[in-house]
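Please read it alongside the sequence and the coordinates.

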Amino acid sequence: MFHDRVSIVVRSGRGGDGALGFRREKYVPKGGPDGGDGGRGGDVALVADTSLRDLSSLRGRRVFSAERGGHGRGSRRHGADGDSVDLAVPVGTQVWSDEELVTDLALPGMRTVVARGGGGGRGNARFATPTRQAPRFAETGLPGVERALELRLKLVADAALAGLPNAGKSSLLRRISNATPKVADYPFTTLQPVLGTVEAPDGSQLTVADVPGLIEGASEGIGLGHEFLAHLERARLLVHVIDGSAGDADDRFRTIDRELALYGAGLDERPQIVVLNKADLSPDPAPFTVADDRIVAVHRVSCASGAGITELKQALFSLCPAAPELVEEEAMPEFLDYRPTPPARRRFRILRIEGGYRVVGDVPEGDELEDALRAAGIRKGAIVEIGDEELEWV
């Protein structure tokens, strides 16, 4: 089954705690502070992978978590950074959070960090000064980020088949490409988009998408219209398939064309090839009188007999607009790192001290402070210093 939408939760790793330690060596009774820094928490990122066709690989799990950073140790040894998690998604995946677009993975190899790992805490060696030569505290690592995301796939294809149900779009895709969609003599046989590759004699290729049939009101979401129309947005050429045997091809064309215009996203401006299918069912050529500058060709074909298919394939290669030129390879970065807006910087920090913790900065009250101390690993009986007060965690 084709999956073009999936909801996931991503959690970046928490930063490791800085170490609270002092140099212990024979004949050195008062060694200085030597606590190392904690490692940074791992990120969660999405990477556009050309080998994937849909989002089904992410449906088996809902939560994806990166590892936390390692804790610092004595002798100024720093903790290791937590392992990041890279999730492969098909090219054309959009990332949404709270109904806002985070990024659009429209090119192969694009990478977006959707949850950045927390920073590691500094060890006590970092706090040594000429006047404070033996700091007895170290920072805890910063927490990671948790985000709920919705991934929406918009197919990346050179051309897309559009039309009313039962117009013969799936039969046409079978004829012109290597795809094998289900074909039957009833409406809505196709329930999910299907991609096919059309090959020319010279070895060049085009990708064509078969989108489930559209109905009147699709631009308003009727019949899952929004989800189906979204897959047309990236196509450079629309192939408007019409049942030519009914004799009302002009009206059928206007019905779908009106839905394209109402949906927007520039669909009403794309060049179109009009394909009048089922030519074998009528002895006379199917009438079509619509005059429109966007219509670059009109072809009468029969998917049953194969009549007109060769000419249509030639037209696809000659009339499909060229793909936009990409940036030269030398100028392309190794990856594109889109950083979502980070959460508000924490107004306070938690320091590890002998026997407990110290809270400094703009100390909050209630659940926020308790949650932060729990995340730092506090245990029963630990001392919490807040200003001039000492509290015991129970």
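At what angle do helix 1 and helix 4 pack, and how far apart are their axes? Helix 1 (residues 169-176) and helix 4 (residues 309-319) pack at an angle of about 80 degrees, with axes 10 Å apart. The model is predicted: local features need pLDDT of at least 70, side-chain atom pairs count only at pLDDT 80 or more, and totals for chains, interfaces and linings use all residues. Residues are numbered from 1 along each chain as its sequence is written, and side-chain values use heavy atoms, with hydrogens and water left out.

**Confidence**

- The protein chain averages a pLDDT (the predictor's confidence in each residue, from 0 to 100) of 80, and 86% of the residues score at least 70.
- Among the elements of the chain, the highest mean pLDDT, 94, belongs to strand 3 (residues 63-65), and the lowest, 48, to strand 16 (residues 337-338).
- Residues 218-226 stay under 50 in pLDDT, and the model has 17 contacts for them beyond four places in sequence.
- The pLDDT is also below 50 over residues 326-338, a stretch with 14 contacts in the model beyond near neighbours in sequence.
- Where pLDDT is low, the predicted coordinates should not be read in detail.

**Overall architecture**

- The protein chain has 5 helices and 20 strands; these are DSSP runs numbered from the N terminus, with helices being H or I of at least four residues and strands E of at least two.
- Of the 394 residues in the protein chain, 47% are buried; buried means under 20% relative accessible area, exposed over 50%, and partly exposed in between (1.4 Å probe, protein chains only).
- Contacts (heavy atoms within 4.5 Å) between residues at least 6 apart in sequence join residues at least 24 apart in 69% of cases.
- The chain exposes about 20,500 Å², of which carbon and sulfur atoms supply 48%; accessible areas come from the Shrake-Rupley method with a 1.4 Å probe, and for residues only the protein chains shown count as cover.

**Helix 1 and helix 4**

- The angle of about 80 degrees between the two helices makes helix 1 roughly perpendicular to helix 4.
- Angles under 35 degrees count as roughly parallel, over 145 as roughly antiparallel, 65 to 115 as roughly perpendicular and the rest as oblique.
- Axes are lines fitted to C-alpha atoms, for helices over the stretch in contact, and angles run from 0 to 180 degrees between N-to-C directions.
- Helix 1 contributes Leu172, Arg175 and Ile176, which meet Ile309, Leu312, Lys313 and Leu316 of helix 4.
- By class, this contact has 5 nonpolar, no polar and 2 charged residues.

- Asn277 is found in strand 14 and counts as buried because its relative accessibility is 4%.
- Beyond its neighbours within four places in sequence, Asn277 is in contact with residues including Ala167, Gly168, Asp243, Val301 and Cys303.
- Lys278 lies in the loop between strand 14 (272-277) and strand 15, and has a positive phi near 65 degrees although it is a residue other than glycine.
- Thr289 lies in the loop between strand 14 and strand 15 and is exposed, with a relative accessible area of 60%.
- The C-alpha atoms of Thr289 and Asp250 are 6.6 Å apart, across 39 residues in sequence.

**Other loop residues**

- Ala307 lies in the loop between strand 15 (295-300) and helix 4 and counts as partly exposed because its relative accessibility is 39%.
- Asn178 lies in the loop between helix 1 and strand 11 (194-199) and counts as exposed at 56% relative accessibility.
- Leaving aside neighbours within four places in sequence, Asn178 is in contact with Gly196 and Thr197.
- Ser75, in the loop between strand 3 and strand 4 (85-90), has a positive phi of about 60 degrees although it is not a glycine.
- Most residues other than glycine have a negative phi.

**Glu385**

- Glu385 is found in strand 19 (residues 383-386) and is buried, with a relative accessible area of 18%.
- Not counting residues up to four places away in sequence, Glu385 touches Ile353, Tyr357, Arg358, Val359 and Glu390.

How values were computed
Nonpolar A, V, L, I, M, F, W, Y, C, P; charged D, E, K, R; others polar.
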